[in-house]
Structures are given as C-alpha cells and as structure tokens.
Amino acid sequence: MQSRSRTDEKKRSPGMPITVASHTISPDERLRIEMPASRLPTGTWLSVPVEVINGKHKGPRLWLSGAVHGDELNGVEIIRRVLRDVSPADLSGTVIAVPIVNVYGFIEQSRYLPDRRDLNRSFPGSPRGSLASRLAHLFMQEVVSQCTHGIDLHTGSNHRTNVPQIRANLEDPETRRCADAFAAPVQMHSSTRDGSLREAATERGIHVLLYEAGEPLRFDEAAIRTGHNGVLRVMKRLGMIQKAPPRPRQKPLNVVSSSWLRARRSGVLHLTVAPGDMVHPRQIIGWVMDAFGDESRAIRTPNAGVVLGLTNNPLVNQGDGVVHIGRLSEESTDSPPADEPAQAPAAASEIGEAPPRLEQAADQSVDVPPDAL
Ligand SMILES: [Zn+2]
C-alpha cells in the first residue's frame, strides 16, 4: 500500500518549467517557437520551428525530430499527428517536437544543406563550424541536451524505400524497452554512425530510437500510421500519457545484420519483391536487363531474410545497391523459408534466366501487415 501511494504521489509531482531558445514554458503549457538558425543570403532570417508541450506533471523529456534529411517527409506528418493527440494537462513530462530540423534542405527538397553537407554526419556540431555543424550544435544545445529520450524520424534516401523499422542500441535496456513499445514491424540493433544525431545523443546518455520508413519526398500512409502509433506507445511506456493504440498482433522481426544486394551489370531493373517480404536462399528477387528485355540477368539472394528496403529507380549502374536484406535472429525465423536447399554457391547471385511473369512472382510475396490502428 505504502509503495503504491508513493508511486501515485510521484505521478502527481508537478512539472518543471523548461527554457528552449530563450522562451520559458511553464508546466501545463504549450508553445510554438521559431528558433533562429541563420540568415539567408537575402538577409531574411531562417528559423527552425519547434513546439514544446510541457506537461502538468513531472516525467521524461522526449524530443521528436523529423527531416534531419530535408527531403524525408514522413516524420513531419508523424509529428503533426502526435502533437494533435497530446495536451499538456494530460502529459507527464515534456515533448520537444522539431518536425523540420534541416530547414535548408526542406526548402530545397534536398537531403543536404546548401553546402552539400549531410546534417546527420555533422553532430554534435560547433558554433563556429560549417552551416551544417552550426545547425547541429543549435539542435544539441536547445533540444537534445534537455532531453532524456529521443525519437529521430527518417525515410530511405535517394529513390530508396524502407519497410517501417526501428534502428537502435538494443543492448541498452531502456532503449530496448522503448523499441519494444514502439513495436515497428522490424527492429534492428545497430551501432551508431559517426557524426549522427543518434551517436551524439547516445554519448550524452540519452536513449534514442531511429525510425526509418518509406521514401523521400513521399507520404506513405502505412509508414506514417505505424510511426504515429509507435511514438504514442513509447510515450505510454514512459508514463507520459495514459492511452495509446494497442500493439500490433505480429511481433517485430529482429534483424541481427543486413547487407545490400548490388547490381552486377548496368541496365533496367525489374524487382519482384516488396519491402517486408521474406526471402529464402537463392530466391530470385529481380532482373536486370537491357531496354528490349534481352540479356536479362536474375538477381538472387545469397541468404534468407527480410527485405528491409529497395530502390524504386529502375535505372541501375553496376554496383548499385538494389535490395537491402536483413538477416533475422533465430527467434524471428519460425516463418517458412525454403522450397529450395539452403546451400547457395557464392558466385551464383546472378545467372542468366528468363524472368517469370512479374505479377505472379509478386503474388508469392509475404507482406508484413501494416500497424493496427
Ligand atoms: Zn534520413
């Protein structure tokens, strides 16, 4: 009884004021802020839009970031929907939402900044560095350094689309707890990349999920819905909100490693798999051919796994990554592979063979169902 009343009391602890970009937001308040970034060559100030929802009650501080790569838009919409659902009176803790981090790239519909730098290779940044480095520094100072948890929302890059997936340090128990609550169709332990937002935040002891879903410059409703529900489930798991959509019935597939299948010749690509499809060893997942359909070369998977992502651009050069395959952990591999033996000769990932009717092949695929509402 005693411990229960202590828990209730803790839940009811009043929230604390928070200051972001020189604006102080009291508990039980929400505020939209224009965080000044730099001037454009025209002299106009460019600012990063931020919305802070400061809960009436004490709790974790969570940032949500979208468009760190300026052309990755699903996260912008996910954040819009989450903000619509959360009110400060019902919130324990604080949400700092930054739907468009790379404002320069967003304007240009580009992944990069005007100097062609990648913001997600520029963290933690510096106040006297490049434009990307300065923006990274601003985001670290005003947003990340105030938070206990973060969710960074991305899509595939450069004509590539990803099945909804969480990438995170799953060896950290708190991060794992958040990833499990998010319950994306696929989750993958991944080490951080040099200069990434996730690396810079992790080094400060902040628990970060990276959500990857869909492709640049497109809204993908299933990816958005999965992300929206996932963020709410994480917030509920953290005790920030009381209600969230139920977890999907299907458990996330756990991916332990991944690799890209590359085109061994240049040509026109016809793929017969979709993101989320399960593949078995030596399965034909597409063909590269010339414009007349001659000289077709099948592309086969060396190993079993799940299609994490693929290119939507049918024009490929030799060496281009065409399909990203994730190898599943043993607990995830109950699904039937193989109507073929598992020994794939190493050199046989591409052999001459006529393509079957693509419609038929696509019908054989196994879809990961979209998230439950
Ligand atoms: Zn990205």
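Which residues are buried in α2? I opened the notebook with that, and I keep in mind that the model is predicted.

**Entry 1: helix α2**

I looked up the buried residues of α2 and found N74, G75, E77, I78, I79 and V82. The helix runs over residues 74–85, which is 12 residues. I checked its reach from first C-alpha to last: 17 Å, close to the 16 Å expected at 1.5 Å a residue. Next I asked what the buried residues of α2 pack against.

**Entry 2: N74**

I picked N74, which lies in helix α2. Is N74 buried or exposed? I found 30 C-beta neighbours inside 10 Å, so N74 counts as buried. Leaving out residues up to four places away in sequence, I noted that N74 touches L153, T155, A213, G214, F219, D220, A223, I224 and G227. I followed up one of these, T155. N74 and T155 stand 81 residues apart in sequence, yet their C-alpha atoms are 7.0 Å apart in space.

**Entry 3: helix α7**

I turned to α7, residues 221–237. It has 17 residues and reaches 24 Å from its first C-alpha to its last, close to the 24 Å expected at 1.5 Å a residue. How many residues of α7 are buried? I found 13 of its 17, so I put the helix down as mostly covered. Just after α7, I noted that G239 takes a positive phi of about 80 degrees.

**Entry 4: α2 against α7**

I looked up how these two helices meet. The axes of α2 and α7 come within 9 Å and cross at roughly 45 degrees. An angle of 65 to 115 degrees would count as roughly perpendicular and one under 35 as roughly parallel, so α2 is oblique to α7. The crossing is right-handed. On the α2 side I listed N74, E77, I78, R81, V82 and D85 as making the contact. On the α7 side I listed A223, I224, G227, H228, V231 and L232. Sorted by class, the residues of this contact are six nonpolar, three polar and three charged.

**Entry 5: α5 against α7**

I then checked helix α5, residues 173–182, which also packs with α7. At what angle do α5 and α7 pack? I read about 130 degrees, with the axes 7 Å apart. That angle makes α5 oblique to α7. The crossing in which α5 passes α7 is right-handed. I wrote down R177, C178, A181 and F182 from α5, and G230, R233, V234 and R237 from α7, as the residues making the contact. By class, I have four nonpolar, one polar and three charged residues here.

**Entry 6: S257**

S257 lies in strand β11, residues 253–262. It has 14 other C-beta atoms within 10 Å, so I marked S257 as partly exposed. I also noted G305, which is 48 residues from S257 in sequence and 9.7 Å from it in space, C-alpha to C-alpha.

**Entry 7: the whole protein**

Last, I took the totals. The secondary structure comes to eight helices and 19 strands. Of the 373 residues in the protein, 46% are buried. Among contacts between residues at least 6 apart in sequence, I noted that 68% join residues at least 24 apart.

Technical notes
Residues numbered from 1 in each chain as written. Predicted model: local features only at pLDDT ≥ 70, side-chain atom pairs only at ≥ 80, totals over all residues. Helix = DSSP H or I, 4+ residues; strand = E, 2+ residues; numbered from the N terminus. Expected span 1.5 Å × (residues − 1). Buried ≥ 20, exposed ≤ 12 C-beta atoms within 10 Å, placed from the backbone. Axes fitted to C-alpha atoms, helices over the stretch in contact; angles between N-to-C directions. Parallel < 35°, antiparallel > 145°, perpendicular 65-115°, else oblique. Left-handed = near helix turned anticlockwise from the far one by under 90°. Contact = placed C-beta atoms within 7 Å. Nonpolar A, V, L, I, M, F, W, Y, C, P; charged D, E, K, R; others polar.
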